[in-house]
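Please look over the chain shown below before reading on. The report that follows takes up paired strands, aromatic rings, backbone angles and a pocket in turn.

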Amino acid sequence: MKNLKYLFVASLAAVATVGCSDDREALSGEGSFMIEASVNADIKVKPTSRAATIDDLGESLLVWISQNGKVVRQYIGAAELPSVPVTLLSGSYVAEAWAGDSASADWEKQYFKAYVPFDITPNNQTEVKLVCKIANVVASVEYGDEIDNVLSDYTLTVGHDRGQLTFEGRDARKAYFMMPSTDKNLAWTLTGKKSDGTIFTRSGVLENVLPAHEYAFKIACAENNDEIGGGFIKIEIDDTEIEVKEEYQIVAAPEIKGVGFDLADPVQMDPDSPERTSLYVTAATALRDCNVQCDAFTTLGLPDNNPNLMRATEAVQQQYRAAGIRWEYVYQEDKDISNLKLSFEEEFFAALPNGVHTVTVTAADINGKSATETLTVNISSAPIAISAVADAGVWATKATVDGVIRNAEGLDTSSIKFSYAPKGTMTWIDAAATVSGTGFSAELTGLEPGTTYQVVAATADYTSDPVEFTTEAARQLPNASFEDWITVDKKGAIPQTGSFEFWGNGNQGAQTLGKDITEKETDAAYVTEGSASIRMRSQFVGVGIFGKFAAGNVFAGEYLETQGTDGILGWGREWTSRPAALKGYARYERGSQKYNGTKKDESVADDLGIVYVALMDDATESYGGKTFAKIVKTKTVELFEPDGKDAAHVIAYGRIIFEPSATPGMAEFTVNLDYRRTDIRPSRLILVASASKEGDYFKGQNGSTLWLDDLRFVY
């Protein structure tokens, strides 16, 4: 009984008929590769949700190309996969791919993996086909008709030590599990109510379960046994390998690139010797539209400032070609891929006045997917030109500025410098430029946060027009000394000032058993400034077996919901500043009795306190109509993994681990932030403190306590 279903993700944007350089020959010993990625799943995508489901998989795709364990190429999302052959030195490589969501246990989230070794040989192109096979262990349940005669309210719970799911009655869904490295077994428990009102329970363990296998529980009632009402429960588990049935294809949006230059950088053009500038548009299917927008078109006598080159009449096309705007479109029907080369010739730029001109190209394929890029051209005879200051290059106290050498003849490059001053003042400060080829740059330091500056590039006898930039605000955490608290029904105590709720904690969950695990501390021994600090105390909350270990904690976010003895948390508040470090004062004391969930367990590691900070990009998750950087679900162990599945969205990260304090009172600490990306500003801040480092897994020691006070960011 094989269950055969398939989902294909064609993440390859296009195989370009030419590369992104007009003249590029492979060096000796080089070869190239192209990637085609697909996902092999056990799901059939419903027509109503097909686009969203497939696009989500494409966005989550992560591809690594490595050699000898070192990653040499990385692509995040289907849109980043190369649309032209990628050159590598000859040798042996490994391509790996991951897609989906590696939730420990979930009804919908699935995870896929691929691993393909390949070789690069000189002057040859290798096609790398990554088939991402489902990595989940899948479970399902089917009941015989006669079950309802002997049992009611029956459930089947299946899971491992990091997550479990419960089938309520005749639940036809499939359960998806990612097995932890420490547990290769699936435990199951069947429960129900007998006709006499007593509870029936049977449990078992499936050992050494395999990924890409479905374990179908067949539960029936046989007669002639007095186990239950004259019959007995028969459980069979059918192990079948998941195979392929249906195929859906998705494609990345068209891609627009400059030929021999980066579209992010302005093209510097000498009016006395203009040069052809070309773009390539590649697509994984036929192109439908290619709009080219430039406000200068009509001033040159052309009929439209935003023509659609793919649909214009032949007469209109001839007008644009005569003005020096030319294009060539090729569609390879057998491969269903296309390529358009768009060139702006010398005569087009020669007709434009000096100054900055922009040309915006928007390409759309027959599926309606589109891409937009802007070409910026600065026509000037000046010896140097200053570039617009990139937003991501401006921090709170520093900024990176760049320029281009336009005419090096007779130019003393050692004289190139930048001068900058707060806007509205004349107190200019000079910064020597570092010259590299035809470019030059400098890092301006000692800037004031939240201030607009003007900067010029200059030589011994030339000064450019100024450009402006505004430094980031040196934002600080609200209520970071934890002076102000409120108490909300069913939430317990929360550090909060006024109506603005920035902090959350686990008190709402602990309050189901009448306790706050995080509280306001007013003892002067634990306060550095003001009258209060925050005290997080880990403890077993409950009585006997009716309870669970809970870690004292605080986080930037909100406690959203309680599921039994587990919580759903929204982590991450909006944040766009980039601090260098978090400082504050802390004290840590380790508790006594060790717990693992609902029971005492002396094998649990000694408790440690922890504070960690992560600056995140604009990726979000939602729950109950609220949006956060991360939705944490402790029941199914869906946690924040800064070095795992969440790594692609982490801009900066830092943490500190606390051992028991060796001296009385509070001590200053520093969490330095390691910036993994500097090309974008963050969108959200995750900040978490816990008295038990393994508290996410309900492990720690009763009474472990972490105090914090006077948190502040350093810029």
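## Sheets, rings and a pocket

Strand E20 is joined by 6 bridges to strand E23 (residues 355-365), and the two run antiparallel; strands here are DSSP runs of E over at least two residues, numbered from the N terminus, and two of them pair if DSSP finds at least two bridges between them. The model is a predicted one, in which local features need pLDDT of at least 70 and side-chain atom pairs count only at pLDDT 80 or more, whereas totals for chains, interfaces and linings use all residues. Residues are numbered from 1 along each chain as its sequence is written, and side-chain values use heavy atoms, with hydrogens and water left out.

Another open sheet has 5 strands in the order E36-E37-E55-E43-E51, with antiparallel pairing. Here E36 and strand E51 (667-672) stand at the edges with a single partner strand each, so that one side of each is left without a neighbour in the sheet. The twist of this sheet averages 35° from one strand to the next. E36 and E37 run antiparallel and are joined by 4 bridges, with Glu-521 opposite Ser-533 in E37.

Phe-418 stands opposite Ala-431 in E28, and among the 6 residues between the strands Gly-424 takes a positive phi near 95°.

A pair of aromatic rings is described by the distance of the centres and the angle of the planes. Rings of Phe, Tyr and Trp (its six-membered ring) are paired if their centres lie within 6.5 Å, and planes under 30 degrees apart count as stacked, over 60 as edge-to-face and the rest as tilted. By this rule the count comes to 23 aromatic pairs, and two of them are set out below.

| Pair | Centre to centre | Angle between planes | Class |
|---|---|---|---|
| Tyr-526 and Trp-707 | 4.1 Å | 10° | stacked |
| Trp-571 and Tyr-612 | 6.3 Å | 65° | edge-to-face |

Tyr-526 lies in the loop between strand E36 (518-521) and strand E37 (533-537), while Trp-707 lies in strand E55 (residues 705-714), so the pair ties together parts that are 181 residues apart in sequence. Tyr-526 and Trp-707 are both buried, a word that means under 20% relative accessible area, with exposed over 50% and partly exposed in between (1.4 Å probe, protein chains only). The pair of Trp-571, in strand E41 (residues 566-571), and Tyr-612, in strand E46 (residues 609-616), links distant parts of the chain, 41 residues apart. Trp-571 is buried with a relative accessible area of 3%, and Tyr-612 is buried with 9%. Elsewhere, Phe-297, Tyr-320, Phe-344, Phe-348 and Phe-349 form one aromatic cluster.

Phe-698, which is not a glycine, has a positive phi of about 60°; Phe-698 is placed in the loop between strand E53 (684-690) and strand E54 (699-701), and is buried at a relative accessible area of 14%. Asp-710, not a glycine either, has a positive phi of about 50°; Asp-710 is placed in strand E55 and counts as buried at 8% relative accessibility.

How many residues line the second largest pocket? The lining has 30 residues, of which His-160, Asp-161, Arg-162, Gly-163 and Lys-548 lie nearest the centre of the pocket. The elements that give two or more residues to this lining are strand E10 (151-160), strand E11 (163-168), strand E13 (186-194) and strand E39 (546-550), and E10 gives the most, with 4 residues. A pocket is an open set of points on a 1 Å grid over the protein atoms alone, where a 1.4 Å probe fits, with protein on both sides within 12 Å along at least five of seven lines, and lining residues have an atom within 4 Å of a point.

Methods:
Axes are lines fitted to C-alpha atoms, for helices over the stretch in contact, and angles run from 0 to 180 degrees between N-to-C directions.
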